[in-house]
Every structure is written in C-alpha cells, then in structure tokens.
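Dear colleague,

Please find below the structure that I promised to hand over, followed by what was found in it.

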Amino acid sequence: MPLLEEFKVQGSFFISSKTFSTHQLLDVNKIHYILASADIGELVLDLKDKLDFYRGTEYSYAPTDELFEQYAVANRFDCKEIIFVKRILQTVLPEQLRNRISSDLFKKYVGVSEEQLAYELYITSEQIRTMKRHGMFIGVHGHDHYWLGNLPAEKMRQDIDEALQIMDEFIDRKQWVMNYPYGNYNDDVIQFIQQRGACLGITTKVAVVDMGNCNRFELPRLDCNDFPPKSSNYKNV
C-alpha cells in the first residue's frame, strides 16, 4: 500500500473475512507454507500415506492411485505433484479431513503454530481502515476461501453472507465487487452475488477486459506471473 500511494495508484484488496475476524489460518495459506517448506517428493509420499490411513474409517474416497491420476495435472504455474497436493487438500477430501491432514503436515514441515503465523501474516481491521482512508479499494473474497462453485448451494450462500456481514464496514453493500477464490464459481454463485448487490465479479481467466463484450460477473485478468520477471505472457493476450 505505501508503494501504491507513492506512485499515486489505487490498489484493490480482496480480503477473505475470516483472516482478520477470527485470526485463523486459511487452508489455502496453510498449504502454501507446507509447499514452501517441504521437499515435494517427500510431501507427496506423506500425503499418500495419510490418504491410505484415513480411508475406510470415518471417510470414503477413491483409491490413492486413482486420485493421483485424476488430480496430478500440471498447469501453467505448478508441476503435477504440487497440483495434486493442492487439489486434495483444497477441495477433494471432506473438509474436516482436509483440515486434519493439512494441520498435521503444517506441524511437521513448517514448525510454528498456526495461530502465531496467522497473527503475523494477516492484515488487521485497523489496517483495512487505514488503506480505505488512503483511497484503496476493498473487495470481497468470501469468508473461508472456499471453492464456491463446488459447495452445496446453502453453504455457498452462508459463506458469502458471512463475508458480507463482516466486510460491511469496508464495502458498499449496494455495489460491491467479488473476486472468486481460486477463480471458482458457477451460475448459482453469480446469481446469488447479484441478488446481494454485487456489481462485478473477477475470475482467473487470462485476458484483458473488454467492457463492451465481457460479462461483468466473469471479468478476466492478468496474474502477476504474466509479467516479468516471471514471464511476458501479458504480450500474448
């Protein structure tokens, strides 16, 4: 924010409301720190062991080899092993089991408490107020950073409503902007945020926005990885 202010640029900050309202570490960030701290080969073996351990007790899901075959698919950012870890711990397993396994792996590989990291990592309510006073734009990114399009409809609505309630101080409830966590949404999500007053929705589709032709609830964007030094992909869109 200080750099944006120095160059007289307004930034847009899309904040998952759980981060500053409960100071709990989001699964998405827990997984980031695990991946940053672990050898990916060792991590994949650990995760496969845990899948085999929990299968058939409280939880039922496909055989581990089938899960790896289905979800270990590289994308433009990550190798297939990293994508496998992300998908299994982000959305494939039941939420309670995802939380249990990711916390076990976090404890093993990262070595600090989740609570300590959450307090050090996340913004506070007062910092959001400061950014808003300095002209920054605050948007909505759900409450728990779920894959909203994968949730049962009622849970999806609850997550968005909780985010809106907590973010009420920082947004205009009559015309707010949604940035879909993981770029994941469906028609039900779009319909619901429209009903709740959203005016725009931002996806992870890679393109430059053409406001004359783009659906305003499916706006594309360029990722920071589309620019140097990571790449020059911005030239191709």
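How are α4 and α7 oriented to each other? This is a predicted model, in which local features need pLDDT of at least 70, side-chain atom pairs count only at pLDDT 80 or more, and totals for chains, interfaces and linings use all residues. Residues are numbered from 1 along each chain as its sequence is written, and side-chain values use heavy atoms, with hydrogens and water left out.

Helix α7 (residues 95-109) packs with α4 at an angle of about 140 degrees, their axes being 11 Å apart (axes are lines fitted to C-alpha atoms over the stretch in contact, and angles run from 0 to 180 degrees between N-to-C directions; helices are DSSP runs of H or I with at least four residues, strands runs of E with at least two, numbered from the N terminus). The two helices α4 and α7 are therefore oblique to each other, because angles under 35 degrees count as roughly parallel, over 145 as roughly antiparallel, 65 to 115 as roughly perpendicular and the rest as oblique.

Helix α4 (residues 40-54) also packs with helix α6 (residues 80-92), here at about 35 degrees and with axes 10 Å apart.

At 17% relative accessibility D144 counts as buried (under 20% relative accessible area, with exposed over 50% and partly exposed in between, using a 1.4 Å probe and protein chains only). Leaving aside residues up to four places away in sequence, D144 touches K18, L26, E95 and D159, where contact means heavy atoms within 4.5 Å.
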